[in-house]
Every structure is written in structure tokens, then in C-alpha cells.
Amino acid sequence: MTLPGSPFFAMREGVLNVEEIPLPDIAARFGTPCYVYSRAALLDRFYACRAALDNHPAGKDSLVCYAVKVNSNLAILNLFARLGAGFDIVSGGELKRVLAAGGKADKVVFSGVGKSESEMEQALDAGIFSFNIESASELERLNRVAGRLSKIAPVSLRVNPDVDPKTHPYIATGLKTSKFGVSMDDAPGLYARAADLPNLTVRGLGCHIGSQITNPLPFAEALERLLDLMERLEKQGIAIHHLDLGGGFGIPYRSEETAVSFMAFLTPLLQRLQQTGKGRTIVLEPGRSLVGNAGLLLAKVEYLKTGAEKNFAVVDAAMNDLLRPSLYGAWHEIVPVSSGGTEAIYDVVGPICESGDFLGQNRKLAVNEGDYLAVLSAGAYSFAMSSNYNSRPRAAEVMVDGKDAVLIRRRETVEESFALEMI
Ligand code: LLP
């Protein structure tokens, strides 16, 4: 069986390894539940993305802005920063993280529909690459804030190309019904306004149509609409220096799925751009595709429980650690770390007092109490969406590099989780 994320995650002599470390060693050293990332897998994904751009003349002038929300651990941000990545942020908090991790402000794009004045100030002070503007009011506010600081804010409009990315409704963001972006119809007027405002400078045009998109076609459709708009704007006398094509490149979550490569996603877009003869700096905002298959959640089976109609494997990780199955009905492959045990069909559930607290349902697993399970493809939107629900301290995070494993976030203590409260 080929696991999503292989060859960095592979069974060796009946035991699941991350790079060269057997997972039971990680569990013994760092405890469970615990997120485990492969450094080599992270490098591999970043290089694959860069190669798809660098191999094409239209992709050479480009900036890969890793979407910080996906996994914002400082060690991961630092790794990407050292590889030359920029960052896509959606809050002042994410900007602070990027700077603390050694990222460069002038490679940061700031997305999101609700930027506050203080977040704008923070980003202007830092000197970011571009504000991705999502509404008329935001444009006016940014102009005011920049004026107050005597700065000129670089802006790009995030337009809504009304393309159906055929993904989960919660993560489709480029439809007319979505709260994100400005409509294609409103864009020319807003660009004209931006060009008039004294404290803004128009830099780019962009979109982000959704997440976990596994078909390259919606990206091509969105690009066509951006190119039409760009032509119209240029006739209006508004120059566009960069095109931000967003993120959203999907990954395999099931062993039987094959990955769509960065080449397959990006080459048609780059070819089309070259055809137009209008070279632009290309900005991408990938998140999941850089980190999703590079991490797993390691959990211990506390109890095997036989119910009237179902069997349950109760593990020590829960929906507070990994919300995606409960929230989106998302599928994550779950594999026993070591072979053994009698095979049965289980719902893999956590200790939280909600029936929606499951990591996987109806899974055929050969496990015993005390064994470890690995929930795969948990590098993206996993730790980042974790909480303290049921007063559960957040899990530890570990980075594996060959034969070394390093703690990149220690397990929270319960005391830390209520330290900000008072009686
Ligand atoms: N750029 C913008 C403006 C975004 O809103 C997002 C993700 C990205 C880039 C990165 O997209 P990616 O390359 O990772 O698909 N929590 C959900 C996914 C939410 C996506 C939010 N926006 C999940 O667990 O599937």
C-alpha cells in the first residue's frame, strides 16, 4: 500500500517510520497525541512547486507565498523562509509569526475580508509586498490609515471570478455567493478609485477560488477571467505588475489517490501566460499542497469498545486536535503504527463528549489497546485548527530530519490553558 506522503512515511519491517525514525520511538520520547512532520517531505514539496515555476519562462519571475494559516509553527515558517518563500497572511498575528520566524516583510501578501486598522498599521510599518483588497470600504480605510502614517500602500484587488472549484462548500471561495473578493463587475471602478486615492499604489490583481481543488481546469478558467480584466484595466491606463493566482492545489488523502503534481496544475497556466506575451510577476499562495502530506497525527489506542452496532477504537487524540473529519466530513487515512491485533471495523473516536468527535468512521483496523495509530496527511489545517475544548492541552509537534527528531512545539500544560482566566 502506498501511503499519501510516501516515501517519507513508509512501513518498514511492520512498523511505520517517518523518514528514518520508527513512530513508536517518537511516542516513547514525546508522548501522544503528537503531530509529526517530515522535514524532507516539506523540502520536497517546496522544491516541486519552485521547479514547476522555474522550468517555464513565464514562471521564473515569481513568488511562492506560503499560506501561514495552514500550519503556522515557527519552525515550518523558518524552513520556508530560508528557502526563499514569501508568505500569505490573514491577520496581524500571522505577520508577527512570520517576522519572528525570520520571514521577510517585503515578501508578504495580506489577504482577508476583515483587516482592522491596527493590522493595516502593523503591515504598513513592516513594509509588506501587497495588500489583497477585498472590498470598497477596505480600499478607503487603507488609504486613510496609510495617509495617517505618511505611507503609500501597495494594493492588489482580490476579484471573485465566479468559478466553481468543485470542492467542499465551506472551502469554495470564488463563487458569487462567497464573502470573499470583489465582483468582476465592480473591479474596474474600484481600480479607478484606487488609482485616484493618494496613499495607495496599484500593484496587482489576484484571486483565490477555493481549497483542495484536484482538477487543474478551474484554475485555467479563473486565469482567463483575470486576463480579460487585466486587458480592460490596461486600456483604462492601470498597469498590473503582478498576478496572484492564489492557492488551493489539492492533495491526495487516500492511499489509492494519485497526487496531481505542481507541474500539472501550473504548466497550463504558465503556457497561457506566455501565449499572451504579457510577462508578469506570478504570486502563488499555496498552503495545503506544501505541508498537508508532510505530517501525521500520532495517537494511542486507550480502549477498544464493542457497542451494540459498532466497534469503537477510543484514542487519545480528538476533534480538538484534528477538527477536519468532524467539520467537513474529511477523510484522513488511519493506519496502525505496528502490525498485530485482530482485524475489525472501528470508528476511531476521541474522548470528547460529542458524537461528532471522530477521526475516522468504519475503518478496518487490526489493533490492540495500547497500540499506536497514525492519522495521515495531517500537516495542513490540523494543529492550526486545534483548540482546548474539554480542557485538553494542545498536542506536541515534532519535526523529523533523517534519524533526528526535534520538538518544535512542546505539549501544552493544563495550567497554561487556563492561565489567562481569573476568578
Ligand atoms: N490564500 C487564501 C486567500 C486562502 O483563503 C487560502 C485558504 C489559501 C491561500 C491557501 O489555500 P490552500 O493552498 O491551503 O488550499 N480549513 C479548511 C481549508 C480552508 C481554506 C482557507 N483558505 C480545510 O481544512 O480543508
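## Ligand contacts and pockets

An oxygen atom of the ligand sits 2.8 Å from a polar backbone atom of Arg288. This is a predicted model, where local features need pLDDT of at least 70 and side-chain atom pairs count only at pLDDT 80 or more, while totals for chains, interfaces and linings use all residues. Residues are numbered from 1 along each chain as its sequence is written, and side-chain values use heavy atoms, with hydrogens and water left out.

**Around the ligand**

- The ligand is surrounded by 20 residues (a heavy atom within 4 Å); the closest are Ser211, Glu285, Arg324, Tyr328 and Tyr381.
- Ser211 puts a polar side-chain atom 2.4 Å from an oxygen atom of the ligand.
- Tyr381 also has a polar side-chain atom by a ligand oxygen, at 2.7 Å.

**Largest pocket**

- Its volume is about 510 Å³, counted as the space filled by probe spheres set on grid points joined across faces, edges and corners.
- A pocket here is an open set of points on a 1 Å grid over the protein atoms alone, where a 1.4 Å probe fits, with protein on both sides within 12 Å along at least five of seven lines; lining residues have an atom within 4 Å of a point.
- Of the 29 lining residues, Lys69, Thr173, Phe180, His208 and Tyr381 are closest to the centre of the largest pocket.
- Helix H10 (288-291) and helix H11 (324-328) are the elements that give two or more residues to this lining; helices are DSSP runs of H or I with at least four residues, strands are E runs of at least two, and both are numbered from the N terminus.
- By class, the lining has 11 nonpolar, 11 polar and 7 charged residues (nonpolar: Ala, Val, Leu, Ile, Met, Phe, Trp, Tyr, Cys and Pro; charged: Asp, Glu, Lys and Arg; polar: the others, Gly among them).

- H2 has 16 residues and runs 22 Å from first C-alpha to last, close to the expected 22 Å (1.5 Å times one less than its number of residues).

**Ser111**

- Ser111 is in the loop between strand S7 (108-110) and helix H5 (117-126).
- Ser111 counts as buried because its relative accessibility is 5% (buried is under 20% relative accessible area, 1.4 Å probe, protein chains only).
- The side chains of Ser111 and Asn132 make a polar contact of 3.2 Å (N or O atoms within 3.5 Å; within protein, one must be able to donate a hydrogen and the other to accept it, and residues adjacent in sequence count only if both atoms are side-chain atoms).

Terms used. Buried means under 20% relative accessible area, exposed over 50%, partly exposed in between (1.4 Å probe, protein chains only).
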